[in-house]
Amino acid sequence: MSIPGNGFEQAVARVRAEVAALHGELVRYGLVAWTAGNVSGRIPGTGYFVIKPSGVGYADLSPESLILCDPDGGPVAGSQDAGLSPSSDTAAHAYVYRNMPGTGGVVHTHSPYATAWAARGETIPCVLTAMADEFGGEIPVGPFAIIGDDSIGRGIVSTLQGHRSRAVLMRNHGPFTIGRDARDAVKAAVMLEDVARTVHFARQLGEPLPIEPAHIDALFERYQNVYGQQPAATPSSSGVH
């Protein structure tokens with residue numbers, strides 16, 4: 001498979017640096033143990049992506065050690081990472097990128113609270129405004145899937161297509177999150193673990209109270225479109241000359 005031209009190498013270098021740094025966020029937020037878990041990032045405008053090498057510790061990761069893969073998940077021959085094997089979840093990530101064109105990043109962790117919900121095969125109900133804001137409803141459960149081929153990817157896509165959630169709990173395995181880029185997918189993984197923990201604590205006190213669907217819709221709409229800093233208006237768009 002031929003490699004795209006016109007700035008492709010520069011884009012790869014930028015995504016390598018971003019994805020390498022984001023693996024540190026998984027450690028900082030306590031989402032991973034030893035070498036479990038991975039982040040990948042799509043090279044914008046292509047089906048290519050970079051992903052963590054298999055079995056390499058987070059402290060040993062560098063932009064150059066990440067694996068550049070083609071749209072089928074195969075390592076690109078002759079790239080900087082030649083000689084390293086990609087994550088065992090690479091086929092799953094590749095399937096997501098091929099079948100969800102708007103996805104620019106995929107994250108997998110074994111974060112303890114979200115994984116505990118996955119072990120029970122139980123959705124996390126939307127009982128917090130933070131869940132409505134970030135995920136637009138409950139966190140769904142995906143099917144059990146064997147590791148190593150694209151079965152996990154098929155489960156992620158079939159569960160999340162048509163769903164507002166950027167997170168899925170793969171049954172008996174753990175959470176996968178997606179985003180418009182790798183940073184957005186890591187944010188979803190961090191927020192997922194936070195709400196999984198809080199709802200778990202709430203259930204120790206009794207049954208959490210659900211949020212009405214109309215309120216969930218309103219919260220999601222506000223957070224996705226109003227919350228945070230808006231892009232500065234350009235002189236032409238603001239009417240200032």
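**Strand pairing and packing**

Four bridges join β4 to β7, and the two strands run antiparallel. This is a predicted model, in which local features need pLDDT of at least 70, side-chain atom pairs count only at pLDDT 80 or more, and totals for chains, interfaces and linings use all residues. Residues are numbered from 1 along each chain as its sequence is written, and side-chain values use heavy atoms, with hydrogens and water left out.

User: How many helices and strands does the protein chain have?
Analyst: Helices (H or I, at least four residues) and strands (E, at least two) are DSSP runs, numbered from the N terminus. By that count the secondary structure of the protein chain is eight helices and seven strands.

User: What is the order of the strands in the open sheet?
Analyst: Two strands pair if DSSP finds at least two bridges between them. The pairing in this open sheet of seven strands is mixed. β3 (67-69) and β5 stand at the edges with a single partner strand each, so one side of each has no neighbour in the sheet. The order is β3-β2-β1-β4-β7-β6-β5.

User: Which residue of β4 is the bridge partner of Val39?
Analyst: Strand β1 (residues 38-42) pairs with β4 in the antiparallel sense over four bridges. β1 is also joined to strand β2 (residues 49-51), antiparallel, by three bridges, and there Arg42 has Phe49 as its partner. In β4, the partner of Val39 is Val107.

User: Which residues of β4 point the other way from Gly105 and Val107?
Analyst: In a regular strand the side chains alternate between the two faces of the sheet. Strand β4 covers residues 105-108, and the residues pointing either way are all buried (under 20% relative accessible area with a 1.4 Å probe, protein chains only; exposed is over 50%, partly exposed in between). His108 stands opposite Phe176 in β7. The residues pointing the other way from Gly105 and Val107 are Val106 and His108.

User: Which residue of β6 stands opposite Val141?
Analyst: β5 and β6 run parallel and are joined by two bridges. Both faces of β6 are covered, with Ala167 and Leu169 buried on one side and Val168 and Met170 buried on the other. Opposite Val141 stands Leu169.

User: Against which elements do the buried residues of α5 pack?
Analyst: Seven of the ten residues of helix α5 (residues 151-160) are buried, so the helix is largely enclosed by the rest of the structure. Among them are Ile152, Ile156 and Leu160. After α5 comes Gly162, with a positive phi near 80°. Taking contact as heavy atoms within 4.5 Å, the buried residues of α5 pack against α2 (90-99), β5 (141-142), β6 (167-170) and β7 (174-179).

User: Is Ala59 buried or exposed?
Analyst: Ala59 has its place in the loop between β2 and β3. C-alpha to C-alpha, Ala59 is 32 Å from Arg120, and the two are 61 residues apart in sequence. Since its relative accessibility is 79%, Ala59 counts as exposed.

User: What radius of gyration does the protein chain have?
Analyst: The radius is taken over C-alpha atoms, and the globule rule is 2.2 Å times the number of residues to the power 0.38. The C-alpha trace spans about 60 × 55 × 30 Å along its principal axes. For 241 residues a compact globule would have a radius near 18 Å, which agrees with the value for the protein chain, 19 Å.
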